[in-house]
Amino acid sequence: MNTGDGVLGFCGLYCGGCTYYQNTMKGIKTKVDENLYTECLGCNSGTTTPWCSDCQIKNCNREKGIRYCLECSTFPCEILNYFMNDEKYPYHKEVPENMKRLQEIGLNKWIEEQDSKYTCKKCGEKFDWFENQCKHCE
Ligand SMILES: [Zn+2]
């Protein structure tokens with residue numbers, strides 16, 4: 001399934017590194033709690049988790065008519081700075097680099113590169129933003 005630029009987060013995250021996205025690609029809905037099973041095909045797709053469908057960063061980009069924060073004249077703004085420095089999500093720190101890289105190499109190459117970053121070289125399984133290595137091979 002090619003989800004196109006759906007996997008490019010407006011914040012510069014690669015949605016393919018998310019467990020919800022990875023499960024959805026396998027046809028699995030992810031349990032959040034007893035009442036909520038959710039799926040996601042990426043930030044800019046029509047299918048997102050409830051919290052990603054109402055994202056402040058996404059809404060801001062759409063209002064400004066831009067596709068990711070680096071295209072904004074006020075980059076990095078207060079909203080993005082807060083997001084990048086959120087200690088609960090250490091991988092958020094990578095978003096400025098991600099966006100610079102995207103500008104350099106273009107979307108298709110960027111998706112390939114990101115996908116390879118989150119794919120185990122040994123077994124081919126995906127791992128997510130929080131993991132530095134494959135849990136299947138450890
Ligand atoms: Zn592996």
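Here is a short chat about the zinc site, the cysteines, the hairpin and the core of a predicted model.

Biologist: Before we start, what should I know about this model?
Modeller: It is a predicted model, where local features need pLDDT of at least 70, side-chain atom pairs count only at pLDDT 80 or more, and totals for chains, interfaces and linings use all residues. Residues are numbered from 1 along each chain as its sequence is written, and side-chain values use heavy atoms, with hydrogens and water left out.

Biologist: OK, which residues are the protein donors of the zinc ion?
Modeller: The SG atoms of C120, C123, C134 and C137, lying 2.3 Å from the zinc. Donors here are N, O and S atoms within 2.8 Å of the metal (3.2 Å for Na, K and Ca); water is not among the atoms, so sites may look incomplete.

Biologist: And why is the arrangement called tetrahedral?
Modeller: Because the four donor atoms subtend angles of 105 to 117° around the zinc ion. For four donors, the label needs all angles between 85 and 135 degrees.

Biologist: How are those donor residues spaced in sequence?
Modeller: The pattern is C-x2-C-x10-C-x2-C. C120 and C134 are 14 residues apart, both in the segment after α6 (107-117). Helices (H or I, at least four residues) and strands (E, at least two) are DSSP runs, numbered from the N terminus.

Biologist: Is C120 buried or exposed?
Modeller: Buried, because its relative accessible area is 10%; the cut-offs are under 20% for buried, over 50% for exposed and partly exposed in between (1.4 Å probe, protein chains only). C134 is buried too.

Biologist: What about strands β1 and β2, how do they run?
Modeller: Antiparallel, with three bridges joining β1 (residues 30-33) to β2 (residues 36-38). Pairing takes at least two DSSP bridges. A hairpin connects them through two residues, and D33 has L36 as its bridge partner.

Biologist: Which residues have the most contacts inside the largest nonpolar core?
Modeller: L13, I57, L80, F83 and M99, in a core of 30 residues. Such a core is a set of buried Ala, Val, Leu, Ile, Met, Phe, Trp, Tyr and Cys residues joined through side-chain atoms within 4.5 Å.

Biologist: What does M99 touch?
Modeller: Not counting residues up to four places away in sequence, its contacts (heavy atoms within 4.5 Å) include F10, C11, Y68 and L80.

Note on methods:
Four donors count as tetrahedral if all angles lie between 85 and 135 degrees; four count as square planar and six as octahedral if opposite donors are over 155 degrees apart and all others between 65 and 115; anything else is irregular.
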